[in-house]
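Hello,

Have a look at it first, then read on.

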Amino acid sequence: MIDPALLDILACPNCKTAVKLEGDRLVCQKPACGLRYPIRNGIPIMLIEEAEKPPEQAKTG
Ligand SMILES: [Zn+2]
């Protein structure tokens, strides 16, 4: 589980927008970005290279 106080200070390293816990990952709240960060052993991995792109963006290109 992630501490809500920790969630408050976490931000997407790509766009500096707040992230929200969705299931077992943290999702950037900026629609144009929307990167999804994994949580491993209770520790959010706030790294762009570890993040998944949202499905809508994955279709393009
Ligand atoms: Zn973002």
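Leaving aside neighbours within four places in sequence, proline 13 is in contact with Met46, Leu47 and Ile48 (two residues are in contact if their C-beta atoms, placed from the backbone, lie within 7 Å). From proline 13 to isoleucine 48 the separation is 35 residues in sequence, but 6.7 Å in space, C-alpha to C-alpha. Proline 13 sits in the loop between α1 (4-9) and β1. With 15 other C-beta atoms within 10 Å, proline 13 is partly exposed (20 or more such atoms within 10 Å of a residue's own C-beta make it buried, 12 or fewer make it exposed, and partly exposed is in between; C-beta atoms are placed from the backbone).

Two notes before the rest. Please keep in mind that this is a predicted model, in which local features need pLDDT of at least 70 and side-chain atom pairs count only at pLDDT 80 or more, while totals for chains, interfaces and linings use all residues. Residues are numbered from 1 along each chain as its sequence is written.

Now the overall picture. The protein has two helices and four strands (these are DSSP runs, numbered from the N terminus: helices are H or I with at least four residues, strands are E with at least two). Starting at the N terminus, the order of elements is α-β-β-β-β-α. The radius of gyration is 11 Å, close to the 10 Å that the globule rule gives for 61 residues, so the protein is as compact as a globular protein of that length (the radius is taken over C-alpha atoms, and the rule is 2.2 Å times the number of residues to the power 0.38). The C-alpha trace spans about 35 × 20 × 20 Å along its principal axes. Of the 61 residues, 13% count as buried.

How are the strands arranged? They form an open sheet in the order β1-β2-β3-β4, with antiparallel pairing (two strands pair if DSSP finds at least two bridges between them). At the edges are β1 (19-22) and β4, each of which pairs on one side only.

Going through the sheet pair by pair:

- β1 and β2 are antiparallel and share four bridges. Valine 19 has cysteine 28 as its bridge partner in β2, and glutamate 22 stands opposite arginine 25. The two strands form a hairpin with two residues between them, where glycine 23 in the turn has a positive phi of about 65 degrees.
- β2 (residues 25-28) and β3 (residues 36-40) run antiparallel and are joined by three bridges. Leucine 26 is partnered by tyrosine 37, and valine 27 by arginine 36.
- β3 and β4 (residues 43-44) pair over two bridges, again in the antiparallel sense.

Best wishes
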